[in-house]
Amino acid sequence: MAKDTAKRTHKRNQTRLAVFAGVTVALNVLFLAWRAWWYADTFTALHNLGWLALAGGEGYALYLLYTHALPSLDEQGKVEACEDLSELHGIPTYAQDVLWVSWFVQFTTAVVSEWFWLFYLVIPGYAGYQLWVNVAVPYIEMKKAMMASQAAGAGAPGRGG
């Protein structure tokens with residue numbers, strides 16, 4: 001019973017990944033055809049660098065999703081367990097978010113305006129926000145608490161001297 005569920009989950013993951021890869025390839029072809037061929041006179045080395053950054057981010061996000069979708073196999077090579085990509089949190093969720101933002105940026109910069117690349121700054125902005133909230137603020141608060149406890153201990157009567 002559990003193996004049947006794992007097989008269905010694996011099949012859903014494969015379908016989802018095929019759609020993600022297909023959309024990524026289609027948007028890259030559209031971008032290159034539209035910007036590099038149709039508007040070749042305005043396609044500069046900077047545009048090429050931007051496209052490489054988008055394609056690299058998309059490729060890495062797809063790689064992360066593919067590695068998280070790999071099933072566990074039993075001794076006979078049959079699917080034993082498989083994580084569902086639609087229900088995961090953490091890295092696979094962020095990888096899917098990177099894909100969605102990249103697709104939006106790629107389509108809009110190709111068709112609407114090249115200024116839409118600014119939306120790509122959402123990804124490092126969100127990463128910076130998460131680092132601030134989950135790493136920097138707790139570290140600062142811990143340091144303040146340590147300094148306050150040291151100051152309280154140094155000022156106590158009968159201590160240090």
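Trainee: Where does Val-133 lie?
Mentor: Val-133 lies in helix 4. Helices here are DSSP runs (H or I, at least four residues), numbered from the N terminus. This is a predicted model: local features need pLDDT of at least 70, side-chain atom pairs count only at pLDDT 80 or more, and totals for chains, interfaces and linings use all residues. Residues are numbered from 1 along each chain as its sequence is written, and side-chain values use heavy atoms, with hydrogens and water left out.

Trainee: Why does Val-133 count as partly exposed?
Mentor: Because its relative accessibility is 35%. Partly exposed is the range between buried (under 20%) and exposed (over 50%), with a 1.4 Å probe and protein chains only.

Trainee: Which residues make the nonpolar surface patch?
Mentor: Val-133 is one of them, with Ile-91, Tyr-94, Tyr-126, Tyr-129, Trp-132, Tyr-139, Ile-140, Met-142 and Met-146. The patch covers about 990 Å². Nonpolar side chains are joined within 5 Å.

Trainee: And which helix gives the most to the patch?
Mentor: Helix 4, with 8 residues. Helix 3 also supplies at least two.

Trainee: New topic. How much space lies in the largest pocket?
Mentor: About 380 Å³. A pocket is an open set of 1 Å grid points where a 1.4 Å probe fits, with protein on both sides within 12 Å along at least five of seven lines; lining residues have an atom within 4 Å of a point. Volume is the space filled by probe spheres set on the points.

Trainee: Where does Gly-50 lie?
Mentor: In helix 2. Gly-50 is partly exposed, because its relative accessibility is 34%.

Trainee: What volume has the second largest pocket?
Mentor: About 260 Å³. Helix 3 and helix 4 (122-154) each give two or more residues to its lining. Helix 4 has the largest share, 5 residues.

Trainee: Which residues line the second largest pocket?
Mentor: Tyr-94, Asp-97, Val-98, Val-101, Val-122, Ile-123, Tyr-126, Ala-127 and Gln-130. Tyr-94 and Tyr-126 also belong to the nonpolar patch.

Conventions. Patch = residues over 30% accessible without salt bridge, like charges linked within 9 Å, V, L, I, M, F, W, Y side chains within 5 Å. Areas by Shrake-Rupley, 256 points an atom, 1.4 Å probe, with all protein chains shown as cover. Salt bridge = Lys/Arg side-chain N within 4 Å of Asp/Glu carboxyl O.
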